[in-house]
Amino acid sequence: MIRIHHIDKVYPLSQGRSFAALRNVTFQIHEGEILGLVGESGSGKSTLARILLGLLEPTTGEILIDGVPVTGVRPRHTQMVFQDPYSSLNPRMNVETLLAEPTRIHNLPNRVDELLDLVQLPLSCKKRYPHEFSGGQRQRIGIARALALNPKFLICDEPISALDVSIQAQIVNLLQELQQTLHLTILFIAHDLAMVRHLSERVAVLFQGQIVELRHTEELFATPRHPYTQLLLNAAT
């Protein structure tokens with residue numbers, strides 16, 4: 001279980017001013033759950049994702065995974081699938097090198113063939129480079145790389161927004177299959193409310209750096225309580 005306690009992230013500005021990207025964010029992600037996180041651009045979703053991953057330090061607050069504090073630490077069992085499969089893969093590395101690098105760094109057994117099988121890509125693609133693949137295939141490679149260290153917790157930061165509509169459902173279905181097969185806990189960040197509804201068991205709504213609503217998916221979509229949640233759902237219909 002991931003527990004996020006009273007996370008604030010404040011950025012200093014000029015002339016003694018500051019900007020609060022996150023304010024008193026507190027919630028839990030249950031083990032084996034897919035939790036959707038929605039909110040407009042600038043609401044703090046990516047900031048929260050990077051704090052959970054250990055890439056940013058919160059100003060205040062604490063994160064615990066299975067009861068162990070990980071605030072400000074890059075935990076190996078937490079990995080991210082990034083938004084843009086075009087920029088998140090090193091163009092100078094072929095697929096085999098990209099997928100072998102995490103295990104090589106951590107002195108773990110090579111899992112390249114297994115990883116390609118997990119994301120439903122043929123072994124024949126190992127010697128090819130990122131530019132030789134479609135956007136959906138690149139995102140599959142990105143997912144495979146995120147799985148290389150056998151994480152428990154996967155953060156998916158807008159993983160379908162850069163893809164063609166026809167491919168988005170395939171990636172969402174793959175994530176759902178992987179969650180069930182590998183017993184992953186997933187934070188799924190997205191603008192696409194239909195995909196969030198399809199994939200997530202619960203949904204958290206982030207507005208101006210605060211969680212304003214967190215409920216079971218069908219309850220939230222059927223009877224949104226917060227005015228901002230109502231606005232989001234109305235804009236999507």
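Which residue forms a salt bridge with arginine 202, and how far apart are the closest N and O atoms? The views below come from a predicted model, in which local features need pLDDT of at least 70, side-chain atom pairs count only at pLDDT 80 or more, and totals for chains, interfaces and linings use all residues. Residues are numbered from 1 along each chain as its sequence is written, and side-chain values use heavy atoms, with hydrogens and water left out.

**View 1. Glutamate 33 and arginine 202 form a salt bridge.** The partner of arginine 202 is glutamate 33, with the closest N and O atoms 2.5 Å apart; a salt bridge is a side-chain nitrogen of Lys or Arg within 4 Å of a carboxyl oxygen of Asp or Glu. Glutamate 33 lies in the loop between β2 (18-29) and β3 (34-38) and arginine 202 in strand β9, so the pair ties together parts 169 residues apart in sequence. Strands (E, at least two residues) and helices (H or I, at least four) are DSSP runs, numbered from the N terminus. Glutamate 33 is buried at 3% relative accessible area, and arginine 202 is buried at 11%, where buried means under 20%, exposed over 50% and partly exposed in between (1.4 Å probe, protein chains only).

**View 2. Aspartate 66 forms a salt bridge with lysine 152.** Their closest N and O atoms are 3.4 Å apart. Aspartate 66 is partly exposed, with a relative accessible area of 44%, and lysine 152 is likewise partly exposed, at 47%.

**View 3. Arginine 104 and glutamate 101 meet in a salt bridge.** Both residues lie in helix α2 (residues 95-105), 3 residues apart, which is about one turn of the helix.
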